[in-house]
Amino acid sequence: MDLLNTLVDKGLRRELPTREEALAVLATSDDELLDVVAAAGKVRRQWFGRRVKLNYLVNLKSGLCPEDCSYCSQRLGSKAEILKYTWLKPDDASKAAAAGVAGGAKRVCLVASGRGPTDKDVDRVSETISAIKEQNEGVEVCACLGLLSDGQAGRLRAAGADAYNHNLNTSEATYGDICTTHDFSDRVSTVQQAQAAGMSACSGLIAGMGESDGDLVDVVYALRELDPDSVPVNFLIPFEGTPLAKEWNLTPQRALRILAMVRFVCPDIEVRLAGGREVHLRSMQPLALHLVNSIFLGDYLTSEGQAGQDDLAMIEDAGFEVEGTDTTTLPEHRRPGCDGAADETAAEAEAPAATVPAPSDETRRDLVSVRRRGAGTDLPPNA
C-alpha cells in the first residue's frame, strides 16, 4: 500500500503524517490489518528495537472522587463495586511497588483519585517516593494525582518524581461530553506544569468511549503538540455502575489500528499499552507488542489485569525482551539536553467524515474483573 510505505518513510524520519493519512490508517480493512501492523512495527523497531518497558501501578487512594468523568469507576456517583480506601501509608505503598519491581517493572506509577492534591497530599506522596527509591535502586517513579496547583509540580520533582501522568483522554471538541467538572485546558495546563518543573510528561488517551475516528486523531495530534515522552493508550473498561457501561465499541482489530495510528503520529515517543488491553485485545495482545514499546504489568487501578507471569511469557514468546533499568527508554535525540528536534509537516488536508462503529449486541461482562487484591487489601498483588 502506498499509504503504508509513505507512513513508514515518515516515521523513520520522525516526520508528522497528515491528518488525512492518520484517518486512513483507522479506515483500513481487517484484510489489511497485518500489513498495517507490520508497517508500524518497522517504525517501532527503528526507535525502540524489541525492548518492552514494564510499568506498575500502585493505587494510593481509591474511589470517592468528586469529579464526574464518565469513564471512571471512581467517579462521583459511581455505582461500580470497586475497592474504596484512603491514602496508603508510605511503607505500604513501597511494599506494593516492590512487588512490581520484582516482576520486572522499571517504572512505578503512583496514582490517587481526586481532582488534585492538597499540599498535605503532596507531602504524603513525597514521602512515598522517597521510600520507594530508597528500597528499589534505579526505579523510575511517576506521579498521577490529578490537576496540579502552582508550585506542586516543582515540589514533586524535588522529592524525586521522574515523571507526571495526566491524560488528555479525548478530543477537545468532545471533552465536555465525558466530563463537566473540569475541562480540556485544565488537563493541558497540568501537563505543561509538569514539563516546566523538569518532569518527564506522560499523557495519553482512552479509546472506545463512542468517539469518531476524527476525535481519536484530534486527541493524538493534541498530544503530539504537547510532546510528552510517554503516551499511554487506554481502551475503555465499561464498568457496570458507570455512564459508559454499555459502550462496547471496540474489536481487537480496531484496537490494533488505533495503536498503529498512534505509533505513526508518535514514532519516537514511548507508546504504552495501558488499561483495557485484556478486555478488548484479548488473544491478540501479542500483536500489539509490534506497535507499542511499553505496557503495564499486572493489575490496574480498580480492575484486574492478566497474571504478571503471563505478561512476561507473552513478551518472551512474541520475541521481545524486557527493558532493564540500565537502558534509557527514549532514543538519544529525545533525551534531555539534546537538540535533535525533527522537522514536522503540519497537517493540511481536510479529512473525510468518519463514522462511529456500532456497539456490539453482546455485553461481555465476564471480561471485566474488579480488583480485589494488592493495594488496599490483605491479599498479595498481581505482579
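The model is predicted. Its largest nonpolar core comprises 100 residues, while a second, separate core has 9 residues.

**Nonpolar cores**
- Within the largest core, the residues with the most contacts are Val58, Leu156 and Phe235.
- Helix α10 (residues 252-265) gives the most to this core, contributing 9 residues.
- The second core includes Val111, Cys142, Ala274 and Phe296.
- Leaving aside residues up to four places away in sequence, Phe235 touches a set of residues including Ile206, Leu250, Ile258, Leu259 and Leu281. Arg277 and His280 are also among the residues that Phe235 touches.
- In soluble globular proteins, nonpolar side chains tend to be buried together.

**Helix α2**
- Helix α2 (residues 19-26) has the buried residues Glu21, Ala22, Leu23, Val25 and Leu26.
- These buried residues pack against α1 (2-12), α3 (33-48), α9 (213-226) and α10.

- Strand β3 (residues 140-144) is mostly covered, with 5 of its 5 residues buried.
- Glu140, Cys142 and Cys144 point one way from β3, whereas Val141 and Ala143 point the other way.
- In a regular strand the side chains alternate between the two faces of the sheet.
- Strand β2 (residues 107-112) runs parallel to β3 and is joined to it by 5 bridges; Val108 stands opposite Val141.
- Strand β4 (residues 163-165) is also parallel to β3, through 2 bridges, and Tyr164 is the bridge partner of Ala143.

**Crossovers**
- β2, helix α5 (residues 119-135) and β3 form a right-handed β-α-β unit.
- A right-handed β-α-β unit is likewise made by β3, helix α6 (residues 152-159) and β4.

Methods
Residues numbered from 1 in each chain as written. Predicted model: local features only at pLDDT ≥ 70, side-chain atom pairs only at ≥ 80, totals over all residues. Heavy atoms only, no water. Core = buried A, V, L, I, M, F, W, Y, C linked by side-chain atoms within 4.5 Å. Buried < 20%, exposed > 50% of the residue type's maximum accessible area, 1.4 Å probe, protein only. Helix = DSSP H or I, 4+ residues; strand = E, 2+ residues; numbered from the N terminus. Contact = heavy atoms within 4.5 Å. Pairing = 2+ DSSP bridges. Right-handed = clockwise from strand over helix to strand, strands pointing away.
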